[in-house]
Amino acid sequence: MTGFVVVAIALFLTPAIVKAADMPPFFVIFLFSVFFWVAQASSWNVLTGFSGYFSFGQGAWFGIGVYAVAVLTGKHGWSFIAALPMAGFLALVAGLGLGLVVFRLRRLTGEIFALTTLAIAFVLAALARLVPAIDGGTGIFMTGTPIPEFLGEFNTAMYRMTLTIMLLAVLASYLTYSSRLGWGLFSIRDDESVAGGLGIPVFRYKMIALGINAFFAGLMGGVWSLRIGFVTVDEVFNIRVPLFVILMSVLGGLGHWMGPVVGAVIIFTLSDRLNSAGLTDVNQIIIGSLLVVLALAVKDGIYGRMRDRWLTTLITFFGVMVVTAIFDLTGSLISDFAIAMVTTVVVLMVPDRLWGRIRGRGGPDREEGPPVGIEAMTGSGP
Amino acid sequence: MGLLAQGIATGILIGGLYALMSLGISLSWGALKIINLAHFSFILLSAYLVYQITISFGVDPLLTTGVVLPLFFVFGALMQMFFHRFKVDEFKSLIVTFGVFIILQSMMQSIWSADFRTIAPDLNIYRSSSIRIAGVALPIPSLMAFLAAVLIAVAMSVLLSRTYFGKAVRAVAQDAEMARAFGVDTKRVAVLLSGLSAVFSALAGVFIAVGQQIFPGLAVSWFGIVFPVVILGGLGHTVGTLTAGVIVGVAYGVAAVMWAPLAAPLVTFLILIAALLFRPHGLLTSRSVA
Amino acid sequence: MTAHRWRYLAILTSLAMVLAACGGDGEGSDTTAPDTSNTTEAPTDTTEGPTDTTVPMTDTTGDASGDPIRIGGTLALTGFLAATGVIHEAVGKVFVERINSQGGLLGRPVEWVLLDDESLPENAAAAYERLITEDEVDLVIGPYGTGNITSAMAVAERYGYVFPHHTASLTYAYNYACHFSSWSTGLHPNITNPNLVYDAIESSGNTPETIGFVINEFPGTMFIAYGQEGTDEGGAVAQAEERGYDVVLDVTFPTAITDWAPIAAQVADADPDFLYIGGLGVNASQLITAMEAIDYSPSGMFTQWPAPGPLLDTEGADGIMSVTIFEEHPPFTDDPEAVEVASLIHDALADAGVPYTKVETQAAASWTAWEYLQQAAEGAGSLDQQAMCDWLIDNGVSTLFHGDIEFFPDEQNYFEDLSKIKQIQDGDWFVVYPEEFAAPDKSVVYPRG
Amino acid sequence: MSLLTVTDVSKRFGGVVALDGVSMTMGEGEILGLVGPNGSGKSTLINVLSGFYPTDRGTVVFGGEDTTGAPAHKLAALGIARTYQIPRPFGTMTPRENIAVSYMFGHSRHSLEGARDAAQEWLDFTGLAGVADIGIEELTLHQLKFLELARALATQPNLLLLDEVLAGLNPSEINESVEMIRRIHAQGITILIVEHVVRAVTALSDRLVVLNQGAVIAEGEPEAVMSNPAVVTAYLGDRGRRA
């Protein structure tokens, strides 16, 4: 918890440091994009990672948030700061509404649940197109939307808002993970009816998980409407958001609150660097292969490996970081970070058996006592 | 009235194409427990291949099936071997095949560019020809797709309900372990079925190449049609899939004509959600493959 | 064993990423990075960095020498706008090569830092932030697509960069003092554009009694068809009614439409004398195909922003009209330079694997936007954004495809609508209206043959 | 006084009648054996009592409170715990974590803090302490059965429903289990035990209830019940009776 506070403070100070250290302002912009994805992935993980209900609904909750703010500010003259809470609230209502129907039906589990959530997004898109009061196809401009002064100029404001929401989302995910709620959800994921038999209020817990997911996805969507600038149905309700959060969480490791955080940082940094190198097509192919390889080879996601080989992780990461920084290989801190990160991931991807041989002994490598159960999948639980 | 009749007629026909696009996904999902998103790029890739072969050799687009379909049978079979090798389950398959989908998409774009491709009319006599029945015009491309879909749906349901292969598939669909225990060569069955599924998707691609302009963005736009059809029809249920395709096609057509084209997707998905809530195992309910 | 092989494949993939990341930043790092701390403050300061770099280099050799002038921008190279984005990519490359071969800009070579925004406005915004604050490009040029341009313009405005762009359709929304549209639509396309179309039709001597509208539910096409949201001014539909045409059909369809048969059926049912398609890309081709499929062909058609190639290859499209800036026939091709550039663009598009390589609206608009940058920099004699902006407003630009252009600050920097009407006649596009731009002995054919 | 009263409970699946007007009571602190041939409705009754299936007809009163149709988690909270014929542990958790979860929920509501340590009590009780922190997949069937018991006990129930805990165990393991059930009972927990292994049930139970085709055909002292002709018929068919 103290660690959490320290990180929070550090992040809030970062923009000032960036300015003081004459680092490119893009650093700030880069960071708030990371925050966006961390929040999205973390909130998704509370539902899908913890309770095992695979959801494509992220796009829907996100979209509701975006449109809530866009419509209220753009069409009803609300101030941004007044509209923002509605983004979270409306998404929450929609989420609970879905849960109320879906979670009552025992058979709506597994892929059927997943596709229901997918369908929801399509329906919302169709609605937004059809109803002029929402969009009606003309799109909504957010570029002119005034932001309250106390938040600072645009990028600073975006940074502060995304950071706050991201911290709250991760905190929610962490608190869930380290409480009865979390363990109740894990039990539901493992065997829902047994969980019920042990006195876990299955329905209520699933509703809470879905609520947390929808609320933060929507709230962040509300902030993001400013970033999108010109809100249209096709941009807001495309399958990109749900697919990225899935990719990020799977890569980082479902089930632990840290998994999506790690995954989001890795994936976003990678695609950002590849895009900035003008290698989008490569980016696509790499992301595709990453998906395939990780789903097949790295069972519990990178974060699991990071815990098992925490020492290696630290040494590799900071080692590379220092080298690239000292010899100024890239001229950009973000790129140094990206390289260090990728190298670490590469090292962590070395399969257990081979790893054991490298380290001069057979068997899977563990640099600490072999954790099992939730531990294994997720590292130190509560 | 004539308008409505026309709307329904074209709806039924386009429904055939939808069914054809959905069959492969439905079968591999229902019988092999593989949610194969790669099928979307299979459809598009086959359309591109048809286009390429047609314009390079100036042949009739329908003749290309001789090359394209076997090719995709191999693709499908190889893919299943791969899944088998790595014991890919339902959940993993969603992620893995999505990865494959992304890769194929960007490859197609880098080969054929993002621009629109059309088989010029002189090579494609089918595109805008049609036949009239009782004042209702039936476009040839969708008519062909529809007939193909009916043929395949019927053939498959016969194959699945009457032959040993069919029994084996059903056994695998119900409980692969058990099937193995009873001496069914589950891997061979799965590989064959996966190959067939790919062929159906490829065939859909052929008719798409014949019927419309193709571009990389197309594949994603199919998600919204195919998934409703697959779920509505019932996983692995060929006749059900055909029925669902027609229902979606007609619903789409009628909603577009009577209300607004914008409303069509809405109607489609409301049908889907209703189905998910009340008939999660498909219209002609049958949990197993048939 | 194979399990391992796959894992190793993972390692290789990741290594590829490392290289990619390095490579990318190699590109980024080979520029002099002047004091960056200013770039976030007031617009005037942002130009300080760039202007520093205009100081002549000591090792001046050859005609275009010294530090390259870096021009940043994104395009929709992937995603649903990519089909057209690829045209703008090809044109930009041609322009940059040509300017470098002709001694560069201000005596310095030009480097185009092109990124992909995946057709997403938020990516465009992020990319322009990066280009301006991290890569510290000297100049920016707009992306493709209304949404992306809108988001990118907000960034350019934040840093006071001159922002030339080619294809933003929601003209009324752009108030940035240093944005310069190279599109020929003028500030009120929702008024001028439909009127041009109707004038063209009537120039044939025949006036349609009934008209039908099939409109893509896309901001740009909606704007031109129905006027600006909130204000009831203009719009193709309203103006058709003003002219006494009887509007017998008015349908909007979703951008990602998959089935055209129902709309075709509706058109056939309404059977208008003239069909106005507010379509993008292949919409028109798809609709015509669907109508042909039910043996219906309207006696006159117009489509907003088509992909010209596929339309030529569409059975039953002969006689359809559209708007354009430039077509490769006299009088446009009387200028030899235009012909030369056009041929360069052909090759570039062919290399990019684009089937239809002729220069028309998109390519012409794209080229013009680049001309803005070039002439502004040369005119102002520096890369000072404000100076360039002022120079453009004071002097206008003389363009290859639009002729001389003058920007009207009180018209949000737009110039008058210079659009022309083109029509497919015997298998090719020809400008048919206004007369002075019409191809030799070509005029509007309505009703079509 | 009776802890559980079942009155005229019926349950049908489609055309099949699984329970047909079953009535029975259980006294505080007794061990009741529920026996009957395959498909006689034993497991269905357990599922009804633990709230997995709603009843079609009839009422269930537990601890003086009408619990007919109450959801499983409510019944668990009231103090009903069950085990499963085929063990169903939480696969991603260790035995300790499995027990900790039910300690947190069930009849005993505890926070996460100390749940892991609290689990030790039942680990020791069931002799699983040695395998407390290894993966579930490494446990033997015998150990999994004990984990079922430990997990049920950790909810600190008043009524424990044991669904064929002895099935698939070898004689020595059976004796061990019987011993353990006695010790559980000694803690004052009322036990409903469903069994095939008649020898063990008769040894354990104070009373037997015999189900056949969803109906109670006999009830009472174990010996008396086992010699009841109807019961013999049910188990062995008519030949058995003549013999």
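Reading chain B and its contacts

Guide: In chain B, 79% of the contacts between residues at least 6 apart in sequence join residues at least 24 apart. Two residues are in contact if their C-beta atoms, placed from the backbone, lie within 7 Å. This is a predicted model, where local features need pLDDT of at least 70 and side-chain atom pairs pLDDT 80 or more, while totals for chains, interfaces and linings use all residues. Residues are numbered from 1 along each chain as its sequence is written, with chains lettered from A and ligands numbered from 1 in the order in which they are written.

Visitor: How many helices and strands does the secondary structure of chain B come to?

Guide: Helices (H or I, at least four residues) and strands (E, at least two) are DSSP runs, numbered from the N terminus. Chain B has 11 helices and two strands, in the order α-α-α-α-β-β-α-α-α-α-α-α-α.

Visitor: How many residues of chain B are in contact with chain A?

Guide: On chain B, 30 residues are in contact with 30 residues of chain A. Helices α4 (90–112), α9 (218–233) and α11 (263–278) of chain B each supply at least two residues of that side. The largest share, 12 residues, comes from α4(B).

Visitor: Which chains have the most contacts among the four pairs that touch?

Guide: Chains A and C do. No contact joins chain B and chain D, and their closest C-alpha atoms lie 16 Å apart. Chain C and chain D do not touch either, with nearest C-alpha atoms 22 Å apart.
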